[in-house]
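Please read them with the structure open.

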Amino acid sequence: MGHFLVVGILVIVMAVLTYVGLDAAGLMPVQASAQAVSIDWLWNWQIIAISFLFSLIVVPMVYSLVVFRRKKGETGDGQHIEGNTPLEIAWTVIPLFIVLAFAYMGAYSLGDTRRIDPNAMVVKVKAQQFVWTFEYPEYGIISKELHLPVNQQVLLKMESADVIHSFWVPEFRVKQDVVPGRVTEYRITPTLLGNYKVRCAELCGSSHAYMEGPVNVESQADYDAWISEQSAIAAEAAKTPEGQGQLLTVRNGCIGCHSIDGAKMTGPTWFGLYGSDVKLEDGTTVVADDAFISESILDPKAKEVAGFAPTVMPPYALSETEIENIIAYLKTLK
Ligand code: CUA
């Protein structure tokens, strides 16, 4: 009986130390959404269970290794033990109730994170290789940044243009796949002001690791200011061809792969592109004129640019006017 008492105390001590250690390790980023509260609550109970089960296995094992070592000169077999009905019932029934309890807690937590606020604001999200774009349909705003007012539920209606992506802001905890051919929904109530990042959490191609976008949780006043600023920019841009062209490059996600300042990205930069000589993969050179740019949008594989083959860009079925506007915009990038 003495061994059981010692092992029992050691298991409890070890479980507490493991839990405190895991807790101090700071496994989670800050808690920035209402939904994170019930997820973290469930997570905490799981860490407690994990700490206890870890100790329950490791402590008796190490204890046995040390205390019941074969003594010098001991050559006989160990005591033969067969069956222990009360123990077997106990280790069946107790885990059964623990699993049921966690199933209940999981369902409760899931329900809590899905709670619907009928006044939630709607933002449309488009995911494509390898950029997130956010559309505020009420204001006609399209942005690479997601701005959210604090303490208000937002419903993201998410669509993918190509493959499966996954919307994940670790500080919000909730994660949701974005699947081509359907609209997936994601509800969140940000509760902590700050600048976060959405990351893509589903391997979606060569630049998956860089598929990030800023997520800014702001006070209502800052959010309103951003909305009116963006509305003004959009209204102003819509007046000129190059402005419309720029909006098109955001709307279509072009800027996910093409930089406008010469920075190296998945696709060739647009900085100084218009009118320049472009080296192709087959060794020839073409001038980046209207015809080349138009062809590269409608049929990107027709002329593969050296260093970017094989071309990963899909064809974009834009109208003639849209392409003219984009070309007008490209001419300004020098
Ligand atoms: Cu998109 Cu990974």
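1. Contact here means heavy atoms within 4.5 Å. Leaving out residues up to four places away in sequence, serine 109 touches Ser38, Ile39 and Leu42. The side chain of serine 109 also reaches the backbone oxygen of serine 38 at 3.3 Å. That falls under polar contact, a pair of N or O atoms within 3.5 Å; within protein, one must be able to donate a hydrogen and the other to accept it, and residues adjacent in sequence count only if both atoms are side-chain atoms.

2. On provenance: this is a predicted model, in which local features need pLDDT of at least 70 and side-chain atom pairs count only at pLDDT 80 or more, while totals for chains, interfaces and linings use all residues. Residues are numbered from 1 along each chain as its sequence is written, and side-chain values use heavy atoms, with hydrogens and water left out.

3. Serine 109 is found in helix α3 (residues 85-113); helices (H or I, at least four residues) and strands (E, at least two) are DSSP runs, numbered from the N terminus. Serine 109 has a relative accessible area of 4% and is buried, where buried means under 20%, exposed over 50% and partly exposed in between (1.4 Å probe, protein chains only).

4. The largest nonpolar core has 34 residues. Such a core is a set of buried Ala, Val, Leu, Ile, Met, Phe, Trp, Tyr and Cys residues joined through side-chain atoms within 4.5 Å. Strand β1 (121-128) gives the most to this core, with four residues. Leu156 is among the residues with the most contacts inside the core. Beyond four places in sequence, leucine 156 touches Val123, Val125, Leu146, Phe167, Thr184, Glu185 and Tyr186. A second, separate core of 23 residues includes Cys254, Trp270, Val286 and Ile293.

5. Strand β4 (residues 146-149) is buried on both sides: Leu146 and Leu148 point one way, His147 and Pro149 the other. Strands pair if DSSP finds at least two bridges between them; β4 and β10 (residues 212-218) run parallel and are joined by four. Histidine 147 stands opposite asparagine 216 in β10.

6. In helix α5 (residues 241-251), the buried residues are Gly243, Gly245, Leu248, Thr249 and Val250. Their cover includes β2 (131-136), β3 (141-143), α4 (220-237) and α7 (320-331). After α5 comes glycine 253, with a positive phi near 75°.

7. Threonine 311 lies in the loop between α6 (290-298) and α7. Its relative accessible area is 14%, so threonine 311 is buried. Neighbours within four places aside, threonine 311 is in contact with Pro300, Lys301 and Glu304.
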